[in-house]
Amino acid sequence: MSMQPPCIGGLPAGPRDAITDVAGVTVGHVTLAEGDVQTGVTVIHPHAQDPFRHKAPAAAAVINGFGKSVGLTQLAELGQLETPIALTNTFSVPAVAQAQIAQCVRANPETGRALPTVNPLVLECNDGYLNDIQRMAVTAAHYEAACAGAGLDVAQGAVGAGRGMSSFQLKGGIGTASRRADGGYTVGALVLANYGVQAHLVWGGEPLGRRLAARQGAPAETTEKGSIIMLLATDAPLDARQLGRLALRAAAGLARTGSVYGHGSGDIAVAFSTAYTLPHLPDLADAPMPAVAMVHEARLDALFQAAADSVEQAIVHALWHAEPVTGRAGHHRQALRELLN
C-alpha cells in the first residue's frame, strides 16, 4: 500500500488543504500529554473580530445525538455563533464553557447585565480510554492559550482535543482538509475523530479495516462507540438554513469511511459561513441586519460535494498524522502508519 494518504474526490484542495483555506479562519491547540493525562483543547475562530458583536451565521446537524455538547439549542434557534468553537473531552466541557463566558465578559463587560447573555459553544468526545477523564485537567488557562496561539497552520493527529482520541481501535484525533467547489467557493473541514469499528474502516474506497482486523485477529470492540465532531467552514454566502443543509452533508463523508452512526457514537456537524457577519444589536454595530445575496439553492450541490469530500479527507488525515499514544492505566493505541509499514 502507498505510504501516502489517499486523495479523496476530484475537487482541488486549497493551498494548505485545511479549514484555514477559508479566509479568516484560524485554529489553535493546547495539548496535555503527561502520564495518565492525554487530552487537550482545540479552538476554531471564524474570523478575527469579536464574535459576540459580529456573529457568524451557522447551523448544526445532529446525526446521532449521543453527546454532551453545550450551546447547540440556541445555535439551532438563532443560527449564529457568539464565541469561537471549542473542542475538548467530555468532562472538560463545563470548564471550557466557563472560559468562553469569561472571555466574552472581559471584551463586553455588560454581558448578562445591560447586554444579553452569551451562548458558549463547546463540542466534545470521550477520550477516557487513553486519558484519565476524571482528572478534568483542561482549565480556562488552556482554552485561553489555544485562542492566543491560533493561526493558519493546523497541526493534526494526536494534538489539542485530539490527543487522547481513538478511531477504529487505532489512534485518532484532529484532521483537516479543504476543497475548492465549482463556482470558486471553498469548503474547509476540521474533525475530532473518536469513532469506528476497525473491521469497518474504508480507506479511500478500499476495505482496509477488514485486512487489518484479519491480520491482528478479532478486535476487542465490535460495536461502534465514541464520537466525531465535524466542523465545516465556507466563504460561500449561505444563510443558517442553507448551512444546516451543508452540515448534514458531513454525514456523507463520514459514512464513506465505514461509520454507521452507531448507537453509542455522538456524530455532530457544525457549518458556518465567513461571507458576512450579523451585528449583535443595531446600537452596538450601528448597522441593520445585512442584506446578502445568497447562493441559489440549485447551486448548492457543488458545496455539498466539497463538504463530503473534505470531511472524508479530514478523517483520513486524522488517522494518517496520529502518533501512537500510551496513556491511562497503560492503555495504548497504535498509529495507522505503524500497521502500513
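Student: How many nonpolar, polar and charged residues does the lining of the second largest pocket have?

Tutor: The model is predicted, with local features needing pLDDT of at least 70 and side-chain atom pairs counting only at pLDDT 80 or more, while totals for chains, interfaces and linings use all residues. Residues are numbered from 1 along each chain as its sequence is written, and side-chain values use heavy atoms, with hydrogens and water left out. Ala, Val, Leu, Ile, Met, Phe, Trp, Tyr, Cys and Pro count as nonpolar, Asp, Glu, Lys and Arg as charged, and the others, Gly among them, as polar. The lining of the second largest pocket has 7 nonpolar, 8 polar and 2 charged residues.

Student: What is a pocket, and which residues are the closest to the centre of this one?

Tutor: On a 1 Å grid over the protein atoms alone, a pocket is an open set of points where a 1.4 Å probe fits, with protein on both sides within 12 Å along at least five of seven lines; lining residues have an atom within 4 Å of a point. Among the 17 lining residues here, His45, Gln49, Asp50, Pro51 and Pro84 are the closest to the centre. Helix 2 (residues 93–107) gives the largest share of this lining, 4 residues; helices are DSSP runs (H or I, at least four residues), and strands are runs of E (at least two), numbered from the N terminus.

Student: Which residues lie closest to the centre of the largest pocket?

Tutor: The largest pocket has a volume of about 430 Å³, a volume being the space filled by probe spheres set on the grid points, joined across faces, edges and corners. Of its 25 lining residues, Asn126, Tyr129, Asn194, Lys225 and Gly226 are the closest to the centre. Strand 11 provides the largest share of the lining, 3 residues.

Student: How is the packing of two helices described?

Tutor: One gives the angle between their axes and the distance between the axes. The axes of helix 2 and helix 3 (residues 140–148) come within 8 Å and cross at roughly 60 degrees; axes are lines fitted to C-alpha atoms over the stretch in contact, and angles run from 0 to 180 degrees between N-to-C directions.
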